Structure formats: structure tokens, C-alpha cells
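Here is a short briefing on one protein chain. Look at the sequence and the model first, then read the points below.

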Amino acid sequence: MSEEMEFFSYLLEYYASYKHMPTGEILKEWDNHGITQEIYDGYWGYHTERIENAFEDIDSLIATGNHAW
């Protein structure tokens, strides 16, 4: 498994916990908003910051379609 996929799995699990939702529902929500690949591709930025920064960015992508940063 690549580092990117490993981190994506980690991010998905922790984001689901943060939202108190099952990971499958979170992934479905990301897919419905068309942001799953964008989140996966965000590895280089997300893995170097606090996990809460990634959560904030994902919330922004869902709400506005734009990154928080």
C-alpha cells in the first residue's frame, strides 16, 4: 500500500470519527460532492499539518467547493 493510500485511509477513519459517522457514509458524501480524488491528492499538504486542518479543508470543500486555505 502506498503512503498516500495509507494516509487517505487514516484520514477517512479519523474524519468519520470526528463527524460521528460510518466511514462508508463519509466516503459516499465525498463521492457525491466529487471531492474524493481531490482529498486523496491532498496528501502532500494534509500529512504535514495538524489533522484538524485537513478536517477544516474537507468541511470547506463540502460546503463551498473551495479549499479553506
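A nonpolar core is a set of buried Ala, Val, Leu, Ile, Met, Phe, Trp, Tyr and Cys residues joined through side-chain atoms within 4.5 Å. Buried means under 20% relative accessible area, exposed means over 50%, and partly exposed lies in between (1.4 Å probe, protein chains only). This is a predicted model, in which local features need pLDDT of at least 70 and side-chain atom pairs count only at pLDDT 80 or more, while totals for chains, interfaces and linings use all residues. Residues are numbered from 1 along each chain as its sequence is written, and side-chain values use heavy atoms, with hydrogens and water left out.

**Overall build**

- The protein chain has five helices and zero strands, where helices (H or I, at least four residues) and strands (E, at least two) are DSSP runs numbered from the N terminus.
- Read from the N terminus, the order of elements is α-α-α-α-α.
- The radius of gyration of the protein chain is 11 Å, which agrees with the value near 11 Å for a compact globule with 69 residues. This radius is taken over C-alpha atoms, and the globule rule is 2.2 Å times the number of residues to the power 0.38.
- The C-alpha trace spans about 25 × 25 × 20 Å along its principal axes.
- In the protein chain, 32% of the 69 residues count as buried.
- Among contacts with a separation of 6 or more, 51% are between residues 24 or more positions apart. Contact means heavy atoms within 4.5 Å.

**The nonpolar core**

- In soluble globular proteins, nonpolar side chains tend to be buried together.
- The largest nonpolar core here has 18 residues, and those with the most contacts inside it are L11, Y15, W30, I39, Y46 and I58.
- Two or more residues of this core come from each of α1 (3-19), α2 (23-32), α4 (43-46) and α5 (51-64).
- Beyond its neighbours within four places in sequence, L11 is in contact with I39, Y46, I51, A54, F55 and I58.

- Two packed helices are described by the angle between their axes and the distance between the axes.
- Axes are lines fitted to C-alpha atoms, for helices over the stretch in contact, and angles run from 0 to 180 degrees between N-to-C directions.
- The axes of α1 and α5 come within 11 Å and cross at roughly 75 degrees. These two helices, α1 and α5, are therefore roughly perpendicular to each other; angles under 35 degrees count as roughly parallel, over 145 as roughly antiparallel, 65 to 115 as roughly perpendicular and the rest as oblique.
- From α1, the residues F7, Y10, L11, Y14, Y15, Y18 and K19 meet I51, A54, F55, I58, D59 and I62 of α5.
- The axes of α1 and α2 come within 9 Å and cross at roughly 105 degrees. That makes α1 roughly perpendicular to α2.
- On the α1 side F8, L12, E13, Y15, A16 and K19 take part, and they meet T23, I26, L27 and W30 in α2.

- L12 lies in helix α1 and counts as buried, at 12% relative accessibility.
- Not counting residues up to four places away in sequence, L12 touches T23, I26, L27 and W30.
- H20 sits in the loop between α1 and α2 and is exposed, with a relative accessible area of 74%.
- The phi angle of H20 is near 55 degrees, a positive value in a residue other than glycine.

- S60 is found in helix α5 and is buried, with a relative accessible area of 15%.
- Leaving out residues up to four places away in sequence, S60 touches G65, N66, H67 and A68.
- A68 belongs to the segment after α5 and is partly exposed, with a relative accessible area of 38%.
- Apart from its neighbours within four places in sequence, A68 is in contact with E56, D57 and S60.
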